[in-house]
Amino acid sequence: MSNNTQVSVLGLGEMGRALAAALLAAGQPTTVWNRTAAKGDELVARGASRADSVEAAVTAGPVVIVCLLDHGSVLETLEPVAGQLAGRTVVNLTTGTPAQAEELSAWVTGHGADFLAGGIMAIPTTVATPDAFFLYSGQQRVFDAHRDVLEVLGEARYLGADTGLASLYDLALLSGMNLMFEGFHHAVAMATSRTEGTAADFTGLLVRWLVNMARVLPAFAAEVDAERESGAEPRLVQTLDLQIAAMANIVDASRAAGVDPAHLELSLAGLRDLLGQGHVVAGAPTAVRRLRLAGPM
Ligand code: FVH
């Protein structure tokens with residue numbers, strides 16, 4: 001659902017263009033600005049208003065969506081128009097750290113504007129489809145005021161008043177994705193180290209295995225929340241001896257297959273640390289606590 005609010009989009013890279021296109025498709029009056037103006041041509045042909053300057057974009061309406069390369073480019077773009085921000089709402093969808101979101105929020109609100117921090121859990125082709133979801137944090141009042149516009153881009157999930165939360169969840173989700181991709185690369189390198197079989201054949205098995213294993217994560221999460229390591233899935237609670245033996249096998253077989261086992265050796269060292277600290281089993285709560293640099297074991 002959209003409304004007649006004028007929305008300005010700053011940044012027309014791959015993602016910014018997808019966001020602006022979704023707003024236009026929903027009938028939202030949309031102004032676009034990009035450092036390299038030509039990237040807006042197609043959007044203008046579809047009905048967007050082109051702003052020739054950041055100032056013209058910001059002053060075109062009450063809602064400014066920012067989707068630029070990084071935090072530095074956001075500051076560089078907004079600082080010259082600080083005096084024009086008062087009374088508007090800035091929604092930052094540029095990927096950044098929680099500290100950067102908090103810094104930007106303080107700066108924007110310090111100039112009399114409202115601020116929402118966002119995280120995009122989509123790729124350009126899934127924007128405005130059921131696969132897309134967007135994370136937001138900041139004042140609930142600001143989210144509620146603009147929710148209908150934000151829902152045009154994809155499911156809008158409000159996480160809370162803690163401004164850094166959307167960035168934290170965004171980067172945590174990306175860390176899970178990146179480690180999964182690393183796992184995929186490692187598994188494929190191992191599986192294709194002999195002449196039989198293709199990466200495609202093997203990946204069919206890998207996807208089936210990972211999907212099955214992903215189903216246990218909510219049970220692990222419940223254990224983390226409850227700070228205990230027993231109960232829900234007993235077949236998954238393995239002794240550290242068993243986990244170490246299994247990991248050592250993977251490391252040895254990787255090396256024998258000519259695949260660099262370095263990141264798995266780190267995991268193996270972590271398991272051995274836990275054993276050295278007197279743990280007998282190590283479920284998700286212990287593993288999570290081990291990763292916390294300053295956390296208690
Ligand atoms: N693309 C994706 O799949 C991901 C999905 C998850 C979220 N990300 C984040 O979205 C932000 C923008 O990403 P993008 O894909 O649009 O990135 P690019 O196509 O590389 O466009 C970058 C835009 O930033 C402009 N820009 C760069 N530096 C400056 C600067 N100093 N001042 C003003 N604008 C700047 C650039 O302008 P131009 O090069 O076209 O003139 C583009 O508009 C990003 O945070 C992702 O992490 C996307």
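Me: Which strands does helix H5 lie across, and at what angle does H5 run to S6?
Reply: This is a predicted model, and in it H5 (residues 98-110) lies across strand S5 (89-92), strand S6 (114-121) and S7. H5 runs at about 150° to S6.

Me: What makes S3 and S8 the edges of the sheet?
Reply: Look at the order first: it's an open sheet of eight strands, S3-S2-S1-S4-S5-S6-S7-S8, with mixed pairing. Strand S3 (49-50) and strand S8 (155-160) each have a single partner strand, so one side of each has no neighbour in the sheet.

Me: How do you know that S7 and S8 count as paired?
Reply: The cut-off is at least two bridges. S7 (residues 133-138) and S8 have five bridges, in the parallel sense, so by that cut-off they pair. One spot to look at is Leu-135, which stands opposite Arg-157 in S8.

Me: Why are H10 and H11 called roughly antiparallel?
Reply: Helix H10 (residues 240-256) and helix H11 (residues 262-276) pack at an angle of about 160°, axes 10 Å apart. Anything over 145 degrees counts as roughly antiparallel, so that's the name for H10 and H11. H10 passes H11 in a left-handed crossing.

Me: Which residues of H10 and H11 meet, and of what class are they?
Reply: Among those from H10 are Leu-240, Ile-244, Met-247 and Val-251, and H11 brings residues including Leu-264, Leu-268, Leu-271 and Leu-275. By class, this contact divides into 11 nonpolar, three polar and two charged residues.

Me: And why do H9 and H12 get "roughly perpendicular"?
Reply: The axes of helix H9 (residues 217-226) and helix H12 (residues 284-291) cross at roughly 70° and come within 8 Å. The band for roughly perpendicular is 65 to 115 degrees, so H9 and H12 get that label. Here the crossing of H9 past H12 is right-handed.

Me: What does H9 put against H12?
Reply: Phe-220, Glu-223 and Val-224 of H9 meet Ala-284, Pro-285 and Val-288 of H12. That contact has five nonpolar residues, one charged and no polar.

Me: Last one: what surrounds the ligand?
Reply: There are 22 residues around the ligand, and Gly-13, Met-15, Arg-35, Thr-36 and Thr-95 are the closest. Helix H1 (14-25) and helix H4 (71-78) each supply at least two residues of that shell. By class, the shell has eight nonpolar, nine polar and five charged residues.

Conventions:
Residues numbered from 1 in each chain as written. Predicted model: local features only at pLDDT ≥ 70, side-chain atom pairs only at ≥ 80, totals over all residues. Axes fitted to C-alpha atoms, helices over the stretch in contact; angles between N-to-C directions. Helix = DSSP H or I, 4+ residues; strand = E, 2+ residues; numbered from the N terminus. Parallel < 35°, antiparallel > 145°, perpendicular 65-115°, else oblique. Left-handed = near helix turned anticlockwise from the far one by under 90°. Contact = placed C-beta atoms within 7 Å. Nonpolar A, V, L, I, M, F, W, Y, C, P; charged D, E, K, R; others polar. Near = placed C-beta within 6 Å.
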